[in-house]
Amino acid sequence: MPPPADIVKVAIEWPGAFPKLMEIDQKKPLSAIIKEVCEGWSLGNPENFALQIADATNFYITEKNRSDIKNGSILRLTTSPYQTALQLHERIQSTSMDAKLEALKDLANASRDITFAQEFINLDGISLLTQMVESGTDFGDLLSFTLTAFVELMDHGIVSWDTFSVAFIKKIASFVNKTAMDTAVLQRSLAILESMVLNSQDLYHKVAQEITIGQLIPHLQGTDQDIQTYTIAVINALFLKAPEEKRQTLCLDMALCLTLSPEMAHILAQKQLRSIILSNVIRSNTPINDEMAHQLYVLQVLNFNLLEDRMMTKMDPQDQAQRDIIFELRRIAFDVELEPNNSGSIEKRKSMYTRDYKKLGFINHVNPAVDFTQIPPGMLALDNMLYFARHHQDAYIRIVLENSSREDKHECPFGRSSIELTKMLCEILKVGELPSENCHDFHPMFFTHDRAFEEFFCICIQLLNKTWKEMRATSEDFNKVMQVVREQIMRALTAKPNSLDQFKSRLQNLSYTEILKIRQSERMNQEDFQSRPILELREKIQPEIMELIKQQRLNRLCEGTCFRKISSRRRQDKFWYCRLSPNHKVLHYGDLEESPQGEVPHDSLQDKLPVADIKAVITGKDCPHMKEKGALKQNKEVLELAFSVLYESDEYLNFIAPDKHEYCVWTDGLNALLGKEMTSEYTKSDMDTLLSMEMKLRLLDLENIQIPEAPPPIPKEPSNYDFVYDCN
């Protein structure tokens, strides 16, 4: 007879004694269990003791998390969170430097546990740490562990960031502003400043008065990628929280704006930041990790979001300064001098303007200012046109004159094209949208030029004109041309070119003819075999393919996956691993100290969940860990990767997949284990691919084409490379 579900068998350790094996009744109060354990070792005052998980975390067992105790768990009897907090509160005030350092190390480690953190904070521990930072002159390990403990305690969200004094902010800023500072202290100081800015608008102003871009730049010029990452994170935080009116006051070389100090204006004038990020981060010998890629992506998004104001600003047809820009476009294109007001009749001048504006490709030939009242792209389109005309004058004149000499229906209207292209580029780059939490999709080429968006437009407007000619398009084909151009741009961006020149070269290889070939190839893969016999054959072999996909999903579950621990901070290197047993009967899982380099064996995973006990698989916002985490609840990307396994009496095993593919693999596999349908987007994609391949193989077989059992051998590497092609 199996033991009751509420009884768990555990081992409990106590220093200097043999571990004790005992059964814990989960229905009994935790205090009663602790009292029973203390009596077994003849320990008095059980209220001064608590149970911990005996692993690297040392987290306390509480009434809230006691359901995490599983059969075979190893627990440790230790002093209660209050007693531990009280002891550490006293020890960190020791006059002995060695004793103080050991106490701070213990505090930094213990502060990861929210139960301990609450008790230490109740003893006014945060104030004690801030006083030590403000008044202390100690550096090195003492300061490093003090700041580490502070960061861990604040990470729990118990104390508001608004409570800190200007003196504390100045002290933290001084650690960042020093040219030579301990790496650990610098890293934690940058993390504290980032959190201050992101969590309090009032602290943003105080931090902005203490930190300048000039003082942050040296940290980007080092070789420590973690320091570089935290530095860019601080820059991003300052930019993100800057008031709207201040974002446009000063411009970085990438058009990134911040208003921090007069010194910053000098730094920005020298246009250093972009080139430093490019040379010391993007083009460094150190591979860019995920966190750095995310921060670069955020910087890219915030940079492009500066265009939103111009994108959403309509042109005022009565504004003479704005109208002068259109006159400038006309002057550059046709090399005409501005006529005096008394030169010729008004009707003659109007006729001449109308003729030229038609050649420039505006929709409204009489008053082209009306073309820029559409938002988006608003005035941003006119800005791009003027940049192109001034900085790429030959290409601009060639496009305008080339099209003005064609028949009306075959001309590629420069004005209309520029407006629609600008709108398209804003959609592609998602101008105006906030950065996503889990995205790492930055493009190195946008860090290679001071006016990256304008140069991007200049390349694409020339592409549009080239594609128009290749398609022999007429005015009725305008939308078709724009669709092809969008496809060309998206395919070129997918290759992540390192420079604008590489992007341009990539576009050269994506001519209209090449796009047609790609489309035709994709259609053959997706839309062929639509005859009735073929459709009947597809329907017949579909169950066989679905079974193959099911086996693949289950095999992947048997290999297992490393998941990150759920946390409110991005930079948390806490992992756990889960895998299915080879007989598909049990899920094995357990915590890891670091990300594994391969499969984790079953015997190293202490916890088990029988598949027979699984009641349901829950996804998205219905998962309990999405309801509990306020910050995560609002994050669309995290919601899309969250799923939970419901078992026993309303107990859950909660997951956040590392990416969309793993999410689909696990939800598919778990549903397959439960005998339910696999509905993920990857299942549909795999089904289409495998069905298409199987159909082609069967059709080849009907044509008596021999398909080899094994792939052809890979050609051998030549014994030497001393050869030359004889051109004669």
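**Entry 1: helix 5 and helix 7**

I began with helix 5 (residues 125–135) and helix 7 (residues 166–177) in this predicted model, and I found that their axes come within 9 Å and cross at roughly 55°. An angle between 35 and 65 degrees is neither roughly parallel nor roughly perpendicular, and helix 5 and helix 7 are therefore oblique to each other. I also noted the hand of the crossing of helix 5 and helix 7, which is left-handed.

Next I looked up which residues make the contact: helix 5 contributes Thr-130, Val-133 and Glu-134, while helix 7 contributes Ala-167, Phe-168, Lys-171, Ile-172 and Phe-175. When I sorted the residues of this contact by kind, I had five nonpolar, one polar and two charged.

I then turned to an open sheet of three strands, whose order is 9-10-11 and whose pairing is antiparallel. Its edge strands are strand 9 (614–619) and strand 11 (651–656), each of which pairs on one side only. From one strand to the next, I noted a twist that averages 20°.

Which residue of strand 11 is the bridge partner of Val-645? I wrote down Leu-653 as that partner.

**Entry 2: the helix on the sheet**

Last, I followed helix 30 (residues 660–673), which packs on the sheet and touches strand 9, strand 10 and strand 11. The direction of helix 30 makes about 25° with that of strand 10.

Terms used
Residues are numbered from 1 along each chain as its sequence is written. This is a predicted model: local features need pLDDT of at least 70, side-chain atom pairs count only at pLDDT 80 or more; totals for chains, interfaces and linings use all residues. Side-chain values use heavy atoms; hydrogens and water are left out. Two strands pair if DSSP finds at least two bridges between them. Helices (H or I, at least four residues) and strands (E, at least two) are DSSP runs, numbered from the N terminus. Axes are lines fitted to C-alpha atoms, for helices over the stretch in contact, and angles run from 0 to 180 degrees between N-to-C directions. Contact means heavy atoms within 4.5 Å. Angles under 35 degrees count as roughly parallel, over 145 as roughly antiparallel, 65 to 115 as roughly perpendicular and the rest as oblique. A crossing is left-handed if the near helix is turned anticlockwise from the far one by less than a right angle, and right-handed if clockwise. Ala, Val, Leu, Ile, Met, Phe, Trp, Tyr, Cys and Pro count as nonpolar, Asp, Glu, Lys and Arg as charged, and the others, Gly among them, as polar.
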